[in-house]
Each structure stands twice: as structure tokens, then as C-alpha cells.
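User: I've got this one open and want to know what stands behind the labels. Can you take me through them?

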Amino acid sequence: MPLSSYRRFAEVYDWEGSIDFSRQAFRRLMAICREYGIAPGWHLDLGCGTGTLAILMAEAGWKVIGLDLSEAMLAQARRKAAEAGRKILFVRQDMRQLRIAEPVKLVTSFYDTLNHLSSGTGRRRRSAGISKLLACVQSGGKPSIHFPCPVAET
Ligand SMILES: C[S@@+](CC[C@H](N)C(=O)[O-])C[C@H]1O[C@@H](n2cnc3c(N)ncnc32)[C@H](O)[C@@H]1O
């Protein structure tokens, strides 16, 4: 999806179901963390959008980095985090050229984000996104990726 599309998308994004999805994903993630005995640490959310998951994770005691390419999405995320009184590091970066200082304990990329990467064929862009994502996970940490449905190759 072209980056310019997210400007308009950011204004309406939270009305079209993403908040419900993030809440469900958060509950599922917490259940997985309980099951595997994963205590809070650093969490990186790739393609964090308007920051709903990042804020829920911060409320659960995680130190969160929300990374997204769209300044419009990040602006909503920063506004919501400030309203919720949560300190979250929101970073504008292209996850295809991901650079982070240190690997983290938990990396997520939810709600179809890898299918939004806009270069290469569908399969190639997803595998590039996945390899970048895995490179950020510290030893013993967990990656968690969400693919809602198969996507036609382009
Ligand atoms: C469908 S939204 C998902 C947002 C969020 N993960 C959620 O669960 O609501 C896809 C997000 O990926 C971001 N995105 C698209 N291409 C990106 C890229 N190359 N690097 C980082 N973020 C990107 C978009 O700006 C958008 O916020």
C-alpha cells in the first residue's frame, strides 16, 4: 500500500475494527506469555499503526518500542499513549531496512502488516519482513506474526 494512503487511513483506523483486533491479540499474547513463563521485558511492535497494542503492552509492564513507516499513524499512536499516560518509544522506520540497537525479548507484527510491505512479490516481501523480524529477537525470545489470510502473489 502506498505510504500516502495511510494519511487518510490514520484518521479512521481506530473505527474500523483494529482496536478490537488488538485487544484480542493482546489477550492471546498474554496467554502465550503465561503458558511459556515469559516475564515482561523489551517488546518491539513492527508496523505498530495507531499504537493500541503498544499501549496495552506498556500497561502490562512491558517496555515498548512501536515502529512504523507512516508519520500519520505514529502521530495517532503518540497522542493515544500520551492520553493513556504511557511512555512508549515510537520510531519512524522502514521495517524492510530495520535497525535496532539491541535484540528484544518479544517482537510482534500483527493485523496483516507484513502483507502491507510494498516492494517485491508477495512471497518475497513477506520472507524479507520475517527475516528482519527474526533478527531482532534476542536468544530465547519470541517472534509473533499474524497472517489473516492467504494473499494472491503480485
Ligand atoms: C494494517 S496496519 C496494522 C497496524 C497494527 N499492527 C495493528 O495491529 O493495528 C499496517 C501498518 O504497517 C505500516 N507499514 C507499512 N509498510 C511499512 C514498512 N515498510 N515499515 C514499517 N511499517 C510499515 C503501516 O503504516 C500501518 O500502520
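User: What makes a residue part of the shell around the ligand, and how many residues surround the ligand?
Analyst: A residue is near a molecule if its C-beta atom, placed from the backbone, lies within 6 Å of it. On that basis 20 residues surround the ligand, the closest being Gly47, Gly49, Leu69, Ser70 and Tyr111. Helix H2 (18-36) and helix H5 (113-116) are the elements that give two or more residues to this shell. Helices here are DSSP runs (H or I, at least four residues), strands likewise (E, at least two), numbered from the N terminus. Bear in mind that this is a predicted model: local features need pLDDT of at least 70, side-chain atom pairs count only at pLDDT 80 or more, and totals for chains, interfaces and linings use all residues. Residue numbers run from 1 along each chain as its sequence is written.

User: How do the residues of the shell around the ligand divide by class?
Analyst: There are 9 nonpolar, 7 polar and 4 charged ones. Ala, Val, Leu, Ile, Met, Phe, Trp, Tyr, Cys and Pro count as nonpolar, Asp, Glu, Lys and Arg as charged, and the others, Gly among them, as polar.

User: Why is H3 called largely enclosed?
Analyst: Buried means 20 or more other C-beta atoms within 10 Å of a residue's own (exposed is 12 or fewer, partly exposed in between; C-beta atoms are placed from the backbone). In H3, 7 of the 8 residues are buried, so the rest of the structure largely encloses it. Those are Thr52, Leu53, Ala54, Ile55, Leu56, Met57 and Ala58. They pack against H2, strand E1 (42-46), strand E2 (63-68), helix H4 (71-84) and strand E4 (104-109).

User: What residues in H2 and H3 meet?
Analyst: Contact takes C-beta atoms, placed from the backbone, within 7 Å. Ser18, Ile19, Ser22, Ala25 and Phe26 in H2 meet Thr52, Leu53 and Leu56 in H3. By class, that contact has 5 nonpolar, 3 polar and no charged residues.

User: How far can I trust the chain, and where is the pLDDT below 50?
Analyst: pLDDT is the predictor's confidence in each residue, from 0 to 100. The chain averages 83, with 82% of the residues at 70 or above. Residues 148-154 fall below 50, and that stretch has 9 contacts in the model beyond near neighbours in sequence. Where pLDDT is low, the predicted coordinates should not be read in detail.

Note on methods: Contact = placed C-beta atoms within 7 Å.
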